[in-house]
Amino acid sequence: MQTKKIINDGNRAVDEMLEGILAAHPRHLRSADGSPRSIIARDGPRPGKVGLVIGGGSGHEPTFLGFVGKGLADAAAIGNVFASPPPDPILECAKAVSGGAGVLFMYGNYAGDVMNFDMAAEMAAMDDIEVRTVLTTDDVASAPQDQRQKRRGVAGNFFIFKAAGAACDLMLSLDEVERIARKANDHTFTMGVALSPCSLPQTRRPNFEIGADEMEIGMGIHGEPGIARGKLRTADEITDEMLDKILAEMAPARGDKVAVLVNSLGSTPLMELYIMNRRVKQRLDDIGVSIHATWVGNYCTSLEMAGASVTLFHLDEELQTMLDHPCDCAMFRAG
Amino acid sequence: MTIDAADLKRMFDAIAVAIEADRDRLCQLDGVIGDADHGIAMALGFGAVRDALASLDLAAIEPTALLNTAAKSFLNAVGASSGPLYATAFMRAAAAVKGKATLADADFIALFQAMAQGIKDRGKAEPGEKTMVDAWQPAAEAAAAASIAGKTLAESLDAALAAAESGAEATKEMIAAKGRSSRLGERSLGHMDPGAASAVTVIDAISKSLS
């Protein structure tokens with residue numbers, strides 16, 4: 001049986017969504033001329049500023065295009081559902097945001113995204129645009145700690161993009177922006193849990209099977225299997241399992257500061273996210289780690305998947321400055 | 001036999017039909033160890049190739065230009081992993097037969113080998129890593145060996161298909177080392193790689209179309 005979706009045509013879902021987004025946010029967003037899958041910030045790109053291009057597959061909204069705006073990303077290249085964009089829309093983003101100081105590509109570490117963004121970077125180089133790339137690898141469940149470079153980028157993108165976007169907005173050099181982006185990635189730790197699958201608009205079939213009383217710890221944001229499947233447990237137990245793994249790697253000292261993101265994978269409601277966040281606060285209080293800021297809601301989704309992720313962003317003075325820097329995007333504002 | 005642009009267009013049309021028919025199975029294979037979209041991406045890509053080739057003047061175009069059109073249309077329709085991989089395959093195929101108005105059997109074997117090498121280079125994958133390379137590389141080697149042994153193109157492509165099938169079957173016993181499923185570790189065991197499965201479908205359509 002097909003899943004229920006409010007769509008017209010599965011093959012047109014991404015383009016029709018983009019039409020709706022541009023209709024809702026004309027003050028923030030436009031599409032590049034002749035490249036409807038290249039979404040550009042109206043206010044942001046300017047001469048002398050490093051341009052920040054993010055992107056990836058659709059189905060994670062508000063990631064990626066919701067974080068396009070002044071003080072954050074200058075452009076997002078939009079792919080099909082769960083599929084990297086091809087090189088052309090990425091290249092058009094790079095051209096649209098290049099202010100002569102170089103362009104930084106940032107996206108989650110997935111094989112398809114790497115191939116397409118690398119091809120776009122080669123094409124941009126032929127247009128004399130210097131491109132650097134920083135991959136996000138915040139999902140602690142996706143590879144062992146000593147293989148961080150193999151990990152997936154998931155909801156922690158939010159903090160990593162935010163820090164890099166602030167560095168760009170502060171007119172720092174490409175070297176500095178790249179350094180801060182890498183540091184932000186190294187300081188970001190995410191773990192997720194999935195309770196029920198999502199379904200692609202084109203197939204409208206659940207993309208994995210999971211028992212009525214089961215959960216999958218460590219599942220990726222495309223429904224990639226995680227590290228373990230087990231019986232559904234309580235919010236406190238689930239949150240504890242995530243935090244045990246995150247904190248073991250982050251190894252914060254008493255008095256350290258973090259920012260917290262409790263993110264819904266799509267259909268898990270705010271009520272459950274706030275129950276989890278209550279436990280996050282208790283655990284951090286217990287070990288003397290202070291919470292500088294908290295975000296709770298849909299920040300990086302997986303269509304209608306049920307589940308949630310917890311991200312901690314381990315702050316130092318520099319990263320806190322970047323996090324607090326104002327930004328004004330279609331679906332997110334700060335400062 | 002001699003292969004011209006019209007034959008290549010018929011080959012791509014045959015691949016599009018075969019992949020479309022196989023779409024849901026490929027999505028299901030991908031759902032087990034990946035993100036369930038492989039059949040969609042492949043169907044989109046070869047559908048775009050079919051549409052792009054339909055507008056070409058086949059009497060006036062050389063194989064290289066046709067293959068480059070296929071590469072560009074596949075890439076821009078798909079993105080994903082299969083976009084760069086198959087686009088690179090077609091661009092390498094185009095380069096392998098540059099300047100030829102028609103292709104002899106040996107030219108097509110060279111084209112086929114160039115496709116496999118392009119996929120391998122773009123994906124930086126080696127055999128044994130549970131990817132489409134595990135079907136493409138043995139297929140290309142088998143086709144070349146058969147051709148050198150004096151077999152006809154049809155016989156050589158039959159050998160390629162058989163090698164691709166056993167290569168895809170062998171991915172069930174492999175632990176994924178590349179791509180989305182590589183984070184699964186041993187949980188990827190027992191499942192056929194969807195990229196290797198679709199490679200078999202593509203090679204089967206090529207073989208039937210040119211026999």
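**Helices and contacts**

Mentor: Let's start with two helices of chain B. B:Asp105, B:Ala106, B:Ile109, B:Phe112, B:Gln113, B:Ala116, B:Ile119, B:Lys120 and B:Gly123 of H5(B) touch B:Val133, B:Trp136, B:Gln137, B:Ala139, B:Ala140, B:Ala143, B:Ala144 and B:Ser147 of H6(B). Contact means C-beta atoms, placed from the backbone, within 7 Å; helices (H or I, at least four residues) and strands (E, at least two) are DSSP runs numbered from the N terminus. This is a predicted model, where local features need pLDDT of at least 70 and side-chain atom pairs count only at pLDDT 80 or more, while totals for chains, interfaces and linings use all residues. Residues are numbered from 1 along each chain as its sequence is written, and chains are lettered from A and ligands numbered from 1 in the order written.

Trainee: At what angle do H5(B) and H6(B) pack?

Mentor: Axes are lines fitted to C-alpha atoms, for helices over the stretch in contact, and angles between N-to-C directions run from 0 to 180 degrees. H5 (residues 105-123) and H6 (residues 133-148) of chain B pack at about 155 degrees, axes 9 Å apart. Under 35 degrees counts as roughly parallel, over 145 as roughly antiparallel, 65 to 115 as roughly perpendicular and the rest as oblique, so H5(B) and H6(B) are roughly antiparallel.

Trainee: How do H6(B) and H7(B) cross?

Mentor: The axes of H6(B) and H7(B) (residues 153-170) come within 7 Å and cross at roughly 150 degrees. That makes H6(B) roughly antiparallel to H7(B) too. Their contact has 14 nonpolar, 3 polar and 3 charged residues.

Trainee: How many residues of H3(B) are buried?

Mentor: A residue is buried if 20 or more other C-beta atoms, placed from the backbone, lie within 10 Å of its own, exposed if 12 or fewer, and partly exposed in between. In H3(B), 12 of 16 residues are buried, including B:Leu66 and B:Phe74. The buried residues pack against H2 (87-97) of chain A together with H1 (5-33), H2 (38-54) and H4 (82-96) of chain B.

Trainee: What follows H3(B)?

Mentor: B:Gly79, with a positive phi near 65 degrees.

Conventions
Ala, Val, Leu, Ile, Met, Phe, Trp, Tyr, Cys and Pro count as nonpolar, Asp, Glu, Lys and Arg as charged, and the others, Gly among them, as polar.
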